[in-house]
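Biologist: Thanks for sitting down with me. Could you take me through this structure, a few spots at a time?

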Amino acid sequence: MAQYTLGNHILDTGQPRAEVLAAILKDDSINEELFYAANKVKTEQYGNLVFVRGIIEFSNYCRCLCAYCGINARMKDAVRYRMAPDELVEAAVDTAKVYRTVILQSGEDCYYTAEMLAGIVRRIKEKAQCAVTLSIGERSLEEYRIMKQAGADRFLLKHETANAALYQSLHGVPLEGRLDAQRRIKGLGFELGGGFMVGLPGQTDEILAQDLLTLVREGVDMAGIGPFIAHPDTPLRGSADGNAHKTLKVLALARLLLPKCHLPSTTALNVKGGMKNALLCGANVIMQKATPYEYRKLYDIYPGRDAKDIPLREQYEELKEKLAELNLTAE
Ligand code: 5AD
């Protein structure tokens with residue numbers, strides 16, 4: 001037994017939490033115990049259920065300059081696409097026939113005004129019984145309000161890294177702007193999905209501890225935690241990728257700190273072969289690609305993303321089989 005008590009007592013060691021979290025991240029002798037505790041807490045909350053969501057990546061236009069991202073505004077060679085509202089509504093309604101939650105994600109593309117997005121959400125909600133999650137980046141309070149009033153249920157906006165200097169160097173803008181946007185979202189009553197990357201160049205275990213505590217402080221309802229994957233066309237080309245095992249440790253700690261939080265096995269972690277392990281280390285959500293085939297390869301935020309083109313229903317059946325092998329059931 002290591003010096004830290006896991007499970008419910010992770011916070012009760014008398015030391016500042018950040019120090020305890022960083023110490024756990026550095027100590028690989030504790031891993032088995034950590035993963036066991038995370039799986040136990042997840043099972044207490046969600047039993048054997050895994051929530052499956054369909055994600056539609058509807059535009060890869062982006063105004064941002066995130067140094068890690070393959071669709072950032074400076075990627076001159078990126079082939080850009082945008083789905084028309086009718087096309088997006090149709091794709092979402094089809095997705096909702098298979099999955100109960102549809103996630104609409106894009107780069108920060110101001111072509112879609114808040115009113116347009118609200119119209120899209122409203123039409124999806126009229127035609128299908130599903131939860132709608134938006135993942136479209138930073139907007140004003142008023143814009144977020146318009147989307148919320150149209151019926152959007154959840155909003156994903158990760159803080160990406162909680163270290164102010166690292167955030168500034170990767171994004172060219174201050175971290176505060178991102179945190180403010182998360183607070184606007186949460187304040188309007190959306191379920192808030194936060195999250196961050198593991199293994200960014202210059203990131204330390206102490207920063208990861210801050211990342212975890214940021215999720216707690218901001219009261220996220222969901223958190224996407226995935227390894228950084230170096231994209232060859234970005235300024236971070238040649239950097240080492242984030243480590244899948246370290247990502248699992250961070251995920252497990254997130255489960256212990258936030259027992260009820262929805263934690264996906266992120267697509268980036270799946271790229272690193274981690275889906276099965278993630279579901280045994282605290283994750284309770286899977287996101288399945290539902291982007292129309294013709295656009296999948298173009299949504300190239302990092303390399304290695306699965307662009308396997310099989311019909312949604314078939315993809316879902318395949319996933320259910322994989323889950324059954326782990327004694328898990330898709331919900
Ligand atoms: N490696 C890993 N994750 C990335 N993302 C963007 N670029 C990368 C990358 N190179 C993640 C960010 C973003 C989400 C849509 O994808 O966390 O929030």
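Predicted model: local features only at pLDDT ≥ 70, side-chain atom pairs only at ≥ 80, totals over all residues.

Biologist: What share of the ligand does the protein bury?

Modeller: Polar contacts first: these are pairs of N or O atoms within 3.5 Å; within protein, one must be able to donate a hydrogen and the other to accept it, and residues adjacent in sequence count only if both atoms are side-chain atoms. A ligand oxygen is 3.4 Å from a side-chain N or O atom of K158, another such pairing of a ligand oxygen with the side chain of E160 is at 2.6 Å, and a ligand nitrogen is 2.7 Å from a polar backbone atom of I229. Taken alone the ligand exposes 410 Å² (Shrake-Rupley method, 1.4 Å probe; for residues, only the protein chains shown count as cover), and the share buried by the protein is 87%.

Biologist: Back to E160: is this residue buried or exposed?

Modeller: E160 sits in the loop between β4 (154–156) and α6 (164–171), where helices (H or I, at least four residues) and strands (E, at least two) are DSSP runs numbered from the N terminus. Its phi is positive, about 70°, although it is not a glycine. Buried means under 20% relative accessible area, exposed over 50%, and partly exposed in between (1.4 Å probe, protein chains only). At 14%, E160 is buried.

Biologist: And N327, what is its relative accessible area?

Modeller: N327 also is not a glycine and has a positive phi, of about 65°. Its loop runs between α13 (312–325) and β9 (329–330). N327 is exposed, with a relative accessible area of 61%.

Biologist: Now helix α8. How many of its residues are buried?

Modeller: Helix α8 covers residues 205–218. Among what covers its buried residues are α1 (17–26), β5 (191–198) and α9 (244–257), through contacts of heavy atoms within 4.5 Å. The buried residues include I207, L208, L212 and E218, and the count is 10 of 14.

Biologist: Which residue has a backbone oxygen 2.8 Å from a polar side-chain atom of T247?

Modeller: T247 is found in helix α9 and is buried at 0% relative accessible area. Leaving out residues up to four places away in sequence, T247 touches V198, I225, G226, P227 and L269. The backbone oxygen belongs to N243.

Biologist: Last one: which side chain makes a polar contact of 2.8 Å with that of T291?

Modeller: T291 lies in the loop between β8 (285–289) and α12 (293–296) and counts as buried at 1% relative accessibility. Its contacts, not counting residues up to four places away in sequence, are I55, I56, E57, Y81 and R296. The side chain in that polar contact is from E57.

Definitions and conventions
Residues numbered from 1 in each chain as written. Heavy atoms only, no water. Expected span 1.5 Å × (residues − 1).
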